[in-house]
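Please look through the following structure slowly, and keep the briefing below beside it as you turn the model.

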Amino acid sequence: MKPQGKVMLVGAGPGDPDLLTLKAVKAIAQADVLLVDDLVNPEVLMHAPGRARVIHVGKRGGCQSASQEFIERLMVLEAQAGHCVVRLKGGDPYLFGRGGEERAHLRRQGVAVEVVPGITSGMAAAASIGISATHRDHSQGVIFVTGHGKSESAQPNWKALVAAGMTLVVYMGVARCAQLQRSLLAAGMAAAMPAAVIQSATLATQAQLLTSLGQLPQALQDSGLGSPSIIVIGEVVRCADTFAEVCADLGQQNLQRAVG
C-alpha cells in the first residue's frame with residue numbers, strides 16, 4: 001500500500017534561528033521535502049535530515065518567484081507520493097503567510113495538513129527595540145495590517161483603523177510607505193504620531209528608524225532602510241529604547257533618526 005504523505009505548514013519565526021519553536025524543530029526533522037520561503041534563515045535547515053530535499057520557493061514583492069499555484073501543486077504531488085512535506089515560512093504561516101489558502105487547497109485535495117505556528121515578525125520586531133505593542137499606558141490593542149493587498153482595490157478601512165486608536169503593525173509597507181502615510185493622515189491620524197521601522201528584525205543585521213508619521217516617507221528614504229521591514233505606528237513607539245534621546249522633539253516633527 002502506498003504510504004500516506006502529509007504537509008506541515010511551519011512558521012520559522014522572525015529570523016533568529018534561536019526563536020524557532022520546539023515543535024517547528026521537530027517538524028523540520030521529519031521532512032522528506034522542504035519548500036522554503038525567501039525570508040527563512042538558512043540556519044534553520046540544520047535541523048533537517050540529510051535525506052531531505054530542499055526546494056527554495058521564495059516569494060518577495062517585485063522579484064521573480066515561484067507562483068502560488070506552482071507551490072500548491074508541488075505540495076500536493078509530494079504528499080501524494082507519500083512524502084512528509086514541510087512548507088517553511090518566515091514568521092507565522094497564518095499571518096500574511098498564505099497559510100489559510102494553502103491549508104484549504106490541501107484539504108480540498110484530500111491531503112493531510114498540520115499547522116505549526118511561529119513567532120510573527122511584527123511582534124518580534126517591536127519587542128526587539130523595547131516596544132510593547134499593547135502597553136497599557138498607550139494602547140488597548142494591536143492591529144496587524146498589510147501594505148501589500150491581494151489587489152490594488154483591496155485596501156483597509158483606514159478611517160476605522162485610525163478611529164480604533166490601537167497600535168498599527170504594518171507588514172510589507174516599505175514600498176508603499178508614502179501611500180500608507182497619505183491614507184493615515186487623510187483618515188485623521190496626527191502627523192506627530194510616533195512611528196518606527198525595523199529592518200531584518202532579530203538578526204545581527206537589524207537596523208531601525210524612529211520618526212513620526214509626518215516624516216516617515218522622507219526619513220525612510222534618507223535612512224537607507226528597505227525590505228524586509230516592519231513598520232510600527234502608535235503611541236507605544238514612545239517605549240522604544242532610544243526614543244527619549246533620539247526623538248525628543250518628535251511632537252514638533254523635528255526629524256530625528258536612529259539607524260543601526
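Rings of Phe, Tyr and Trp (for Trp, its six-membered ring) pair if their centres lie within 6.5 Å, and planes under 30 degrees apart count as stacked, over 60 as edge-to-face and the rest as tilted. By that rule, a search of the whole structure finds two aromatic pairs. This is a predicted model, in which local features need pLDDT of at least 70 and side-chain atom pairs count only at pLDDT 80 or more, while totals for chains, interfaces and linings use all residues. Residues are numbered from 1 along each chain as its sequence is written, and side-chain values use heavy atoms, with hydrogens and water left out.

**Aromatic pairs**

- Phe96 and Tyr171 form a tilted aromatic pair, with 5.0 Å from centre to centre and 55° between the planes.
- Phe96 lies in the loop between strand 4 and helix 3, whereas Tyr171 lies in strand 7 (residues 167-171), so this pair ties together parts that are 75 residues apart in sequence. Helices (H or I, at least four residues) and strands (E, at least two) are DSSP runs, numbered from the N terminus.
- Phe96 is partly exposed, with a relative accessible area of 35%, whereas Tyr171 counts as buried at 7% relative accessibility. Here buried means under 20% relative accessible area, exposed means over 50%, and partly exposed is in between (1.4 Å probe, protein chains only).
- The rings of Phe144 and Tyr171 have their centres 6.1 Å apart and their planes at 70°, so this pair is edge-to-face.
- Phe144 lies in strand 6 (residues 142-146) and Tyr171 in strand 7, so the pair ties together parts that are 27 residues apart in sequence.
- Phe144 counts as partly exposed, at 28% relative accessibility, and ring pairs link Phe96, Phe144 and Tyr171 into a cluster.

**Strand 1 and its neighbours**

- Strand 1 (residues 6-11) is mostly covered, since five of its six residues are buried.
- Strand 1 and strand 4 (residues 84-89) run parallel and are joined by six bridges, and within this pairing Gly11 stands opposite Lys89 in strand 4. Two strands pair if DSSP finds at least two bridges between them.
- Strand 1 also runs parallel to strand 5 (residues 112-116), with five bridges joining the two, and here Lys6 stands opposite Ala112 in strand 5.

**Salt bridges**

- Side chains of opposite charge can pair when their charged atoms come close. A salt bridge is counted when a side-chain nitrogen of Lys or Arg is within 4 Å of a carboxyl oxygen of Asp or Glu.
- A search of the whole structure finds seven salt bridges, one of which joins Glu114 to Lys23, with the closest N and O atoms 3.5 Å apart.
- That pair links distant parts of the chain, because Glu114 is in strand 5 and Lys23 is in helix 1 (residues 22-30), 91 residues apart.
- Glu114 is partly exposed, with a relative accessible area of 29%, and Lys23 is partly exposed as well, with a value of 47%.

- Where is Arg87 placed? Arg87 is in strand 4, and this residue is buried, with a relative accessible area of 0%.
- The side chains of Arg87 and Asp37 meet in a salt bridge of 2.6 Å, N to O. This pair links distant parts of the chain, 50 residues apart, with Asp37 in the loop between strand 2 (33-36) and strand 3 (53-56), and both Arg87 and Asp37 are buried.
- Glu102 forms a salt bridge with Arg87 too, the closest N and O atoms being 3.3 Å apart. Glu102 is in helix 3 (residues 99-108), 15 residues apart from Arg87, and Glu102 is buried, as is Arg87.
- Salt bridges that share partners join Asp37, Arg87, Lys89 and Glu102 into one network.

**Helix 7**

- The buried residues of helix 7 (residues 216-223) are Leu216, Ala219, Leu220 and Ser223.
- Seen down the axis of helix 7, these buried residues fall within an arc of 100°, so they line one face of the helix; the arc is that of the directions from the helix axis to the C-beta atoms.
- What covers them includes helix 6 (177-186), strand 8 (194-199), strand 9 (207-212) and strand 10 (229-233), where contact means heavy atoms within 4.5 Å.
- Helix 7 is followed by Gly224, whose phi is positive, near 80°.
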